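Here is a short briefing for a first look. Start with the surroundings of the ligand, then turn to a cavity and a helix.

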Amino acid sequence: MKKFLRALGSIRLALVGMVLLGVGAALSYDNPAGTPVWVLVAPLALLAINLFCAIATNPRINRRPGLLVFHLGLFAIIVLAGIGRLTHLDGQLEITEGSAFSPDELTEVKKGPFHGDGLSKVAFIQGSYTVEYNAGMVRGLTHSQVLIPDGRGGMISRVVGDDRPLVLEGYRFYTTYNKGFAPVLTWMPDQGEAMTGTIHMPSYPLFDYKQDSNWTPPGGKPLRFWLRLDTGLRQDAAWLLDGKKASGVLVVNAGERRVELLPGQSLRLEGGSLRYERLTSWMGYKVFYDPTLHWLFVASVVAIMGLGAHFWRKFGVRMQRTHESSITDTPVASSGRMP
Amino acid sequence: MNTFGDIIGRATELPWLWAGLVAYGLATIVVIAGVMRMPHRAAGAMAAHDSYVPSEKARTWHGHEKLVLVLVSSGVALIAIALAERWVRIGHGPFVNLFELLMSQLFSLGLIFAITYWRVPAMRASAVVALPLIWVLGIWVLTLQPVDTPLPPTYHNDWLWAHVGLGKIFLSLCLIGTGLAGVILLRHSERFAPWFRHMPANEVLDGLAWRFMLLAFIFHSLMLVAGAVWAQDAWGRYWSWDALETSSFLNWLLLGMGLHARFTYRVPLRAGAVLIIAVFVFAFFTYFGTPFYSEAAHKGVI
Ligand code: HEM
């Protein structure tokens, strides 16, 4: 048994595992579509087993505290990364200013099989936002206001953006370049109840030139919308994208008809009428959840500190010796010794 | 529209940068002339392939070495002024475009090289290899325009400092290892062997080089961690195998394999030296090549 464990924990096998991991990483270079995830998972699993056995059996690792901590740290990182993939969630969210977050609105969701239901506990309301632009339309800082329940019936206002995510229940919401405008429309059918909703126009200013969208009222004919915006956008100088200061004329194409609506104006259509209430905005977030994040950080820092300590012992001791003898650290000499 | 002349005219840091490069260039000339002349004076003082005993003699300075240190240090100081000048002029540090990255590497490589040159006499003649390598960046930077690029929103982050700083230390340590590895290889040529006659034996240089590489490995690991934390903040994921991440992970793995191979097998000295150089070349392409051949490098996802 011990012999078997020793063989599984051999450094030769570690080298094979590292080569395979290198190949897997090279195949995953830049995330080409179609590379299966096992090209990484298989070598990592092999390395984890190899590392575990080596730690258990090889005195060259387990009798040297620094190296032991380092290799245990590597083992922990592989295991934690695995747990992370099994429990993670990734997704995108477009949320309208003034509306409450709902997990149903997440799109492009990718999650591990053991992801829990923590997202249902997340609650916040999207506020307004501003985005700074440098000359040449180079995006600067984003300030997105969110309102979070304080647990006593009130709300706390917080500003997030760029590398300051909103973190709730372990879920991290990052603002993205993807954000834009949303006309608020009310459809008043001839029979039945009126309904109010928003139409998210394409990302702005990225698609400044094509702010259009389609919508078909219940029981009606398809409508085509085009939003003519005034946001103060400038190519040649710095400007601030601020939904509160923006205005927009909504151009509605219904069949052959083309009507321009200002906020508050209505349009009579077949089966009901449509009112353009006002212009609001939406913000696109990237949503990320991984419960192992902090542990991964701790494991890697502890591992590197272990390696640092090993280095210190290995060479710190040698340095003193060199004054009497010579700096000898030949591969053959060091392999048999345990500094 | 900015003309080339406008950009150059505004870039008040350029004269300082040029002066720094001249200092590095002079250091390179002095060190080559120095080692070419040294065998005649130092021959016999230390046998080429005996083990290295760092006697008092070895710790003293050979004729040209102090001048080399002064020149490299002046280069570092001049490039530091260039960096400061540019920083004040454009309002942010040298983190964004290639011109800035090369310029700041010229500073950090020079600085760490100078400190090592001063503290570790055994590696001094390896400047013959290391300084020309620094010069590759020096020539490259001369071909670029000193345009300024706005600081991306994700760069307003403290981890930037850790990540960039640790990466620079890694590359510098790698450069020092490469200098020593280069000496081991050059010694096999009859033409160059005499240049390094006063240096310790190859076995000693190999041990010293791998010592720097292990230290480089530690800093590389720290850089990866700091980069992952920053990536989590900046792009909402700590790791996603983008071009630069994959390349630097492979670089880390290659060095890890080298370290393991060395204590598992009797890796011949020359093969070990080639491995060190391979790690450095890989690092070089990771740092300065990846942003070119991939849209999705850090440069792409800002
Ligand atoms: C997965 C299985 C692994 C095994 C079985 C293993 C085994 C060992 C052993 C036995 C040593 C001590 C060697 C000695 O000085 O006698 C060692 C050192 C070391 N290992 Fe690993 N290792 C593994 C993975 C890794 C990985 C993935 C890395 C990083 C790429 C790594 C980095 C190091 C470093 C930096 C040292 C110190 C080298 C030195 O002191 O010169 N190890 N490893």
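The residues of the shell around the ligand divide into 16 nonpolar, 7 polar and 3 charged. Here Ala, Val, Leu, Ile, Met, Phe, Trp, Tyr, Cys and Pro count as nonpolar, Asp, Glu, Lys and Arg as charged, and the others, Gly among them, as polar. This is a predicted model, in which local features need pLDDT of at least 70, side-chain atom pairs count only at pLDDT 80 or more, and totals for chains, interfaces and linings use all residues. Residues are numbered from 1 along each chain as its sequence is written, chains are lettered from A and ligands numbered from 1 in the order in which they are written, and side-chain values use heavy atoms, leaving out hydrogens and water.

**The ligand site**

- The ligand is surrounded by 26 residues, each with a heavy atom within 4 Å of it.
- Among them, the closest are A:Asn50, A:Arg64, A:His71, A:His310 and B:His260.
- The site is shared between chains, because residues from chains A and B surround the ligand.
- H9(B) gives the largest share of the shell, 5 residues.
- Helices that each supply at least two shell residues include H5 (65-87) and H6 (293-322) of chain A and H8 (202-235) of chain B. Helices are DSSP runs (H or I, at least four residues), numbered from the N terminus.

**Polar contacts with the ligand**

- A polar contact is a pair of N or O atoms within 3.5 Å.
- The side chain of A:His310 has an N or O atom 2.5 Å from an oxygen atom of the ligand.
- For A:Arg64, the distance from a side-chain N or O atom to a ligand oxygen atom is 2.6 Å.
- A:His71 places a polar side-chain atom 2.7 Å from a nitrogen atom of the ligand.

**The second largest cavity**

- The whole structure holds 2 cavities of 30 Å³ or more. A cavity is a set of points, on a 1 Å grid over the protein atoms alone, where a 1.4 Å probe fits but cannot get out; lining residues have an atom within 4 Å of a point.
- B:Leu109, B:Phe280 and B:Phe284 are among the lining residues.
- H6(B) supplies the largest share of this lining, 3 residues.

**Helix H10 of chain B**

- H10(B) covers residues 269-288.
- Its buried residues (under 20% relative accessible area, 1.4 Å probe, protein chains only) include B:Ile276, B:Phe280 and B:Phe284.
- H10 of chain B also supplies at least two residues of the lining of the second largest cavity.

Technical notes:
The expected span of a helix is 1.5 Å times one less than its number of residues. Buried means under 20% relative accessible area, exposed over 50%, partly exposed in between (1.4 Å probe, protein chains only). A polar contact is a pair of N or O atoms within 3.5 Å; within protein, one must be able to donate a hydrogen and the other to accept it, and residues adjacent in sequence count only if both atoms are side-chain atoms. On a 1 Å grid over the protein atoms alone, a cavity is a set of points where a 1.4 Å probe fits but cannot get out, and a pocket is an open set with protein on both sides within 12 Å along at least five of seven lines; lining residues have an atom within 4 Å of a point. Grid points are joined across faces, edges and corners, and a volume is the space filled by probe spheres set on the points.
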